[in-house]
Amino acid sequence: MLIKKPSDIPSSEITPKSLYLNRRKFLAGTALAGAAAMTGVGGLAFPPAARADGGGLTKINGIQKSPFSTTEAITPYKDVTTYNNYYEFSTDKDGPSQLATHFRTRPWTVTIDGLVAKKQVLDVDSIIKMAAPEERIYRHRCVEGWSIVVPWVGFSLSELIKRAQPLGKAQFVEFTTVYDLTQMPGQRESVLQWPYTEGLRMDEAMHPLALLCFGMYGEVLPNQDGAPLRMVVPWKYGFKSAKALVRIKFVEHQPATAWNTQTPREYGFYSNVNPQVDHPRWSQAKERRLGEFFKRPTLMFNGYDQVASLYSGMDLKKNY
């Protein structure tokens, strides 16, 4: 994997959103952000709803560049905010950007419990202030074969885990996302068992690449991309990166997860990006980057070789 130092990343590599947003939409977004009820955090203000067309969201100040970032071209903001897998809103790729427009992300709390010394219920804004915001330009690959490169903003999940002080029996971390039938029309359908749950082994969760994310492209997360708080686990298929988190629980045994529960033959617990292990209905050997015509070879662990030691000696076809 190619690694670029923060000082080597020119701003020109980040695609300007102005190429995709006309002046009228920009002004409308600015007016919306200014008029919305906001909650101040560390000098920032967070609007309760994300624009369906992107733009106009609150900037995040003091972002540090990360050496974990890839040097690949960043996927345009418009593509990332209008082509989404978010079944809580819709199974259509363009549905979430429309249906999540007025999704309320404040007030919002996250419960930290299970096998930890410090069980607590935290306001999401207090979590955001735990560490300096860091931009990480990560590859992100979905099991259906498409991929993106996004400048996510957040900090390593390990920062929160250390503060919770897991007990010795805690071997896994279980993530639960919000369940709200009044705001999420997709949850009225039986596509999955709601609420959405995901999980990581403790050493995976503690790896510095596992990102607790609250922004992207220098702004707070749009609703359709997982606001106000989500996981980003770049070496795994996209469905492992749970959105709109409301609970982080530390457990002794491997937790049940949404897609593995629904279709265990197709979606394993680990779900590491692996070109040698095909989905039962399609190959995983190649992927198509959003906005590109030709496919490219899929990289083992999505190119994040730093995590290979986590699975030393494991049969990755059996533990798919």
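**Pockets, cores and salt bridges**

The largest pocket holds about 450 Å³ of space. Among the 30 residues lining this pocket, N85, Y86, G238, F239 and K243 come closest to its centre. This is a predicted model, in which local features need pLDDT of at least 70 and side-chain atom pairs count only at pLDDT 80 or more, while totals for chains, interfaces and linings use all residues. Numbering runs from 1 along each chain as its sequence is written, and side-chain values use heavy atoms, with hydrogens and water left out.

**Pockets**

- A pocket here is an open set of points on a 1 Å grid over the protein atoms alone, where a 1.4 Å probe fits, with protein on both sides within 12 Å along at least five of seven lines; lining residues have an atom within 4 Å of a point. Points are joined across faces, edges and corners, and the volume is the space filled by probe spheres set on them.
- Strand β7 gives the most to the lining of the largest pocket, with three residues; strands (E, at least two residues) and helices (H or I, at least four) are DSSP runs numbered from the N terminus.
- That lining splits into 17 nonpolar, seven polar and six charged residues, with Ala, Val, Leu, Ile, Met, Phe, Trp, Tyr, Cys and Pro taken as nonpolar, Asp, Glu, Lys and Arg as charged, and the others, Gly among them, as polar.
- The second largest pocket comes in at about 220 Å³. Of its 19 lining residues, Y237, E266, V277, D278 and Y320 lie closest to the centre.

**Nonpolar cores**

- The largest nonpolar core has 73 residues, and W235 and F250 make the most contacts inside it. Strand β7, residues 146-156, is its top contributor, with seven residues.
- A core is a set of buried Ala, Val, Leu, Ile, Met, Phe, Trp, Tyr and Cys residues joined through side-chain atoms within 4.5 Å. Buried means under 20% relative accessible area, exposed over 50%, and partly exposed in between (1.4 Å probe, protein chains only).
- Not counting residues up to four places away in sequence, F250 touches (heavy atoms within 4.5 Å) a set of residues including I112, D113, L115, F172 and M202.
- Y196, Y237, W259 and Y267 belong to a second, separate core of eleven residues.

**S241**

- S241 sits in the loop between β12 (230-232) and β13 (245-251), and counts as buried because its relative accessibility is 2%.
- Beyond neighbours within four places in sequence, S241 contacts H140, R230, M231, V232 and V233.

**Salt bridges**

- The whole structure has 16 salt bridges, each one a side-chain nitrogen of Lys or Arg within 4 Å of a carboxyl oxygen of Asp or Glu.
- D113 pairs with R247, with 2.8 Å between the closest N and O atoms. The two are 134 residues apart, D113 in β4 (residues 109-114) and R247 in β13. D113 is buried at 15% relative accessibility, whereas R247 is partly exposed at 29%.
- E287 and R141 form a salt bridge at 3.2 Å between the closest N and O atoms. E287 and R141 are both buried.
- R281 and E266 meet at 2.7 Å, N to O. Both lie in the loop between α7 (258-262) and β14, so this pair ties together parts 15 residues apart in sequence. R281 is exposed at 52% relative accessibility, while E266 is buried at 15%.
- Salt bridges with shared partners link E72, R139, R141, E287, R289, E292 and R296 into one network.
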